[in-house]
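Q: Please walk me through this model, one feature at a time. I would like the general idea before each case.

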Amino acid sequence: MICFGIGSNLGNRLQNLRDAVEKLKTIGKIIKKSNVYESEPWGGVVQPNYLNACLSMEIYDSAENILKLIKNFERELGRVENVRWGARKIDIDILLMDNSIIKLPGLKIPHENLHNRDFVLVPLNEILPDWIHPEINIKISDLAKKFYGSMTRITEL
């Protein structure tokens, strides 16, 4: 099982998320999808608010190959690389793969900031509340408690 976080803050944000889901469906089977939430930008760059969601999938491929695929999907969907943590039409992040810990250049699983981000933890808690972070040994539901009420639920994905 692999879990993705997706986000958008440029253009038709909701449609961008739905387009990303359609791309991801071409490489595996969706198990669960969270609702879509609106969140303030993270990282200190002034920009519009994001829409964010998470989904879990069954994909039988290596993390490295999956990363290449999602980077291609982002480009196909109109993402332009610019300022780190800047505005983007689409962002697709690998958040976790089962209980794996992977540390490679350009790829860290679980995602290195997963446990600090409301826009990840709130939707991830909907679909995997009992998943235990393998590095810090804390359940997603416990990590998400500190962000209760910090985000606005918008709609279904």
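A: Start with contact, which means heavy atoms within 4.5 Å. The model is a predicted one: local features need pLDDT of at least 70, side-chain atom pairs count only at pLDDT 80 or more, and totals for chains, interfaces and linings use all residues. Residues are numbered from 1 along each chain as its sequence is written, and side-chain values use heavy atoms, with hydrogens and water left out.

Q: Which residues does Ser56 touch, not counting residues up to four places away in sequence?
A: Ser56 touches Met1, Ile2, Cys3, Lys29, Ile30, Ile31, Lys32 and Ile127. Its place is in strand β4. Strands (E, at least two residues) and helices (H or I, at least four) are DSSP runs, numbered from the N terminus.

Q: Is Ser56 buried or exposed?
A: Buried means under 20% relative accessible area, exposed over 50%, and partly exposed in between (1.4 Å probe, protein chains only). Ser56 has a relative accessible area of 2%, so it is buried.

Q: How many residues are in the largest nonpolar core?
A: A nonpolar core is a set of buried Ala, Val, Leu, Ile, Met, Phe, Trp, Tyr and Cys residues joined through side-chain atoms within 4.5 Å. The largest here has 27 residues. Phe4, Ile6, Leu24, Ile70, Ile92 and Ile94 have the most contacts inside it. Two or more residues come from each of β1, α1 (13-25), β4, α2 (63-76), β5 and β7 (107-109). Helix α2 gives the most to this core, with 5 residues. A second, separate core of 19 residues includes Phe119, Leu121, Ile127 and Phe147.

Q: Which residues is Ile6 in contact with, beyond four places in sequence?
A: The list is Leu17, Val21, Leu24, Leu51, Asn52, Ala53, Leu55, Asp91, Ile92 and Leu157.

Q: Where does Ala63 lie?
A: Ala63 lies in helix α2. Its relative accessible area is 4%, so Ala63 is buried. Leaving aside neighbours within four places in sequence, Ala63 contacts Ile94, Met97, Ile102, Leu107 and Ile109. Ala63 and Ile109 are 46 residues apart along the chain, with their C-alpha atoms separated by 8.7 Å.

Q: What space lies in the largest pocket?
A: On a 1 Å grid over the protein atoms alone, a pocket is an open set of points where a 1.4 Å probe fits, with protein on both sides within 12 Å along at least five of seven lines; lining residues have an atom within 4 Å of a point. Volume is the space filled by probe spheres set on the points, which are joined across faces, edges and corners. The largest pocket holds about 790 Å³. Of its 38 lining residues, Arg88, Asp91, Asp93, His111 and Arg117 are the closest to its centre. Strand β5 gives the most to this lining, with 5 residues.

Q: Which residues line the second largest pocket?
A: They are Tyr37, Val122, Asn125, Glu126, Ala144, Lys145, Phe147, Tyr148, Gly149, Ser150 and Met151. This pocket holds about 170 Å³. Helix α3 supplies the largest share of the lining, 3 residues.
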